[in-house]
Amino acid sequence: MKTSRSILGLLAAILAMHSVAAADKAPDAKETQVLQRIGLEGRDRQMGMGIAVFPPNAVKPRHMATGPELAYVLEGELIVQVDGKPDQVLHAGGSYQMAANVVHVTKAGPAGAKVIASWVLAPGKPFNILVPK
């Protein structure tokens, strides 16, 4: 009986720690909804346009884009963190440009964010690549 209580207590403690750890982790940003892609005439490249919705405090982890990107914040606040540079805080109406292969993190503010972006990519290849620390 004592052993059963000890095991139940241990399981409860483990579940409580898991809940606390999960609460501390910011949610991941939702996958960008691609609105359109078109071929660029005379080039082996496509241009894409999409909308990214970030729930409050959501994070798109360290990644780099394989082509240039232009983004405009429609709603909320977005923090762009580029390795080796100060954070760039953008509010609705703000925009940023990102050259290809620049490692960065994007985070939403406490109210979340909605961003429309355009980018150039090679057809059939991934645009965003996660970059571990």
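Strands β1 (33–39), β2 (46–54), β3 (59–65), β4 (69–82), β7 (104–121) and β8 (128–130) each contribute at least two residues to the lining of the largest pocket. Strands here are DSSP runs of E of at least two residues, and helices runs of H or I of at least four, numbered from the N terminus. A pocket is an open set of points on a 1 Å grid over the protein atoms alone, where a 1.4 Å probe fits, with protein on both sides within 12 Å along at least five of seven lines; lining residues have an atom within 4 Å of a point. The largest share of this lining, 5 residues, comes from β7. In total, 26 residues line the pocket, and E31, T32, K60, F127 and N128 lie nearest its centre.

The model is predicted: local features need pLDDT of at least 70, side-chain atom pairs count only at pLDDT 80 or more, and totals for chains, interfaces and linings use all residues. Residues are numbered from 1 along each chain as its sequence is written, and side-chain values use heavy atoms, with hydrogens and water left out. Mean pLDDT (the predictor's confidence in each residue, from 0 to 100) is 83.

The structure holds 2 salt bridges (a side-chain nitrogen of Lys or Arg within 4 Å of a carboxyl oxygen of Asp or Glu). D83 pairs with R62, with the closest N and O atoms 2.7 Å apart. D83 lies in the loop between β4 and β5 and R62 in strand β3, so this pair ties together parts 21 residues apart in sequence. E75 forms a salt bridge with K114, at 4.0 Å between the closest N and O atoms. E75 in strand β4 and K114 in strand β7 are 39 residues apart.
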